[in-house]
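Please look over the sequence and the structure below before reading on.

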Amino acid sequence: MHAPLATFLFTLLALFSFAGNSLLCRFALRETTISPMLFMQVRFLSGAIALLIVLRIGNPTQSRAGQPTKIGGNWWAGLALAAYAVSYTYSFTQLTAATGALLLFGAAQVTILTTAAARGERFRGLAWLGYALAMGALLYLVLPGLASPTWVGTVSMLIAGISWGAYTLLGKRDPNPLAANTGNFLRTLPLLAVTLLVPNLLQGWNWPGITAAIVSGVVTTGIGYVLWYQALRSISTTMAAIVLLTVPLWSSLGGILFLSELLTLRFVLAAVVMTIGLLITIYRK
C-alpha cells in the first residue's frame, strides 16, 4: 500500500476508534447499570489480553521456542494511560458530553501543541487559519450542550486530556506500535488495581455493560491505540493535534447513526467548517 494512503487509513481508523470509545462509554454508563470503574477495569484488562495474544501470534517462532514475547513501551506511557483511564471514567459521569469533550480536547491540544512548539514545530501562515477554523467548528458543535461543570469533574477531565496528549507524544517515535501498546496496557493493570478498592465496584453488573466494555477494550481502545501509534510515525505532532479535533465530530455522527440522536443543521455546518480547516492545514503542512 502506498505510504500516504496507509497513513491516511491508519489515522482515519484511529479517529473512528476514539469516537467509538465515546459511544460505547455513553451507552454503557448511561443506558445500563454497570458502574464506571468496573467498566474501566474490564475495558483495559480485555484490551491488554487481546494485544498480548495478537503480539504472541505475530511472533510464532519466538513463542514456539519458549522465549518470552518481547513487549515495548515504558512506565511513563503506562502511567499516562492509567491516569487517562481513571480520570476520564470518573469525569464522564460528572459532566455533560459537550462540556467533557471541550475540556478533554482543549487540554490535549494545549499539551501537544506546547510540546511541539518547544521542539520547534508550530503552525505557520495559513495553517493557523485552518487550525482556528477547526477549533471554532468544535466550539460551535458543542456549544448547545455546555453546562457549568463541577470543579472536581473539570479537574478530572483536564487530567484526562493532559494524559491523553502525553500518551500521544510518548508514542510519536516508538518503532513498534503493537509491542509498545501491549507493554503500556499491561503496565496499566497494577496501576489501575487501586480502583478495585472502590466501594460497590460490582454494583450494577450486567451483560450489556460488560459486553460494551470488552468491545471498547479490544477494538476501539487496544486496536485503536495501535493504529494511532502507527499513524503518528508518519504525521507531524501539530497535525496529530488538529486531526484529534475531529473526534467529537465523528462521535456525534455515530450518535446520529447508532444512538438515534438527531441530525441538526449545527452538526452539518460544524462538519463543513472543520473539513475546510483541516484541508487548509493539510495543504500548508
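How much space lies in the second largest pocket? In this predicted model, the second largest pocket holds about 540 Å³ of space. The largest pocket has a volume of about 810 Å³.

**Second largest pocket**

- The lining of the second largest pocket is made up of 22 residues, and those closest to its centre are Phe8, Leu15, Val243, Leu278 and Ile282.
- Two or more residues of this lining come from each of α1, α10 (237–244), α11 and α12.
- The element that gives the most to the lining of the second largest pocket is α12, with seven residues.
- Sorted by class, the lining of the second largest pocket has 16 nonpolar residues, five polar and one charged.

**Largest pocket**

- The largest pocket has 37 lining residues, and Arg26, Ala97, Ala98, Ser251 and Ser252 lie nearest its centre.
- At least two lining residues of the largest pocket are supplied by each of α1, α4 (75–92), α5 (97–118), α6 (126–142), α7 (151–170), α11 (247–258) and α12 (265–284).
- Helix α1 gives the most to the lining of the largest pocket, with seven residues.
- By class, the lining of the largest pocket has 23 nonpolar residues, nine polar and five charged.

**Serine 216**

- Serine 216 belongs to helix α9, which covers residues 207–232.
- Is serine 216 buried or exposed? Serine 216 has a relative accessible area of 0%, and it counts as buried because this value is under the 20% cut-off.
- The side chain of serine 216 makes a polar contact of 3.4 Å with the side chain of arginine 43.
- Apart from neighbours within four places in sequence, the residues in contact with serine 216 are Asn21, Leu24, Phe39, Arg43, Thr221 and Gly222.

**Leucine 9**

- Leucine 9 sits in helix α1, which covers residues 3–31.
- The relative accessibility of leucine 9 is 33%, so leucine 9 is partly exposed, a class that lies between the cut-offs of 20% and 50%.
- Which distance separates the C-alpha atoms of leucine 9 and alanine 231? These two C-alpha atoms are 8.4 Å apart, although leucine 9 and alanine 231 are 222 residues apart along the chain.

Key: Residues are numbered from 1 along each chain as its sequence is written. This is a predicted model: local features need pLDDT of at least 70, side-chain atom pairs count only at pLDDT 80 or more; totals for chains, interfaces and linings use all residues. Side-chain values use heavy atoms; hydrogens and water are left out. Helices (H or I, at least four residues) and strands (E, at least two) are DSSP runs, numbered from the N terminus. Buried means under 20% relative accessible area, exposed over 50%, partly exposed in between (1.4 Å probe, protein chains only). A polar contact is a pair of N or O atoms within 3.5 Å; within protein, one must be able to donate a hydrogen and the other to accept it, and residues adjacent in sequence count only if both atoms are side-chain atoms. Contact means heavy atoms within 4.5 Å. On a 1 Å grid over the protein atoms alone, a cavity is a set of points where a 1.4 Å probe fits but cannot get out, and a pocket is an open set with protein on both sides within 12 Å along at least five of seven lines; lining residues have an atom within 4 Å of a point. Grid points are joined across faces, edges and corners, and a volume is the space filled by probe spheres set on the points. Ala, Val, Leu, Ile, Met, Phe, Trp, Tyr, Cys and Pro count as nonpolar, Asp, Glu, Lys and Arg as charged, and the others, Gly among them, as polar.
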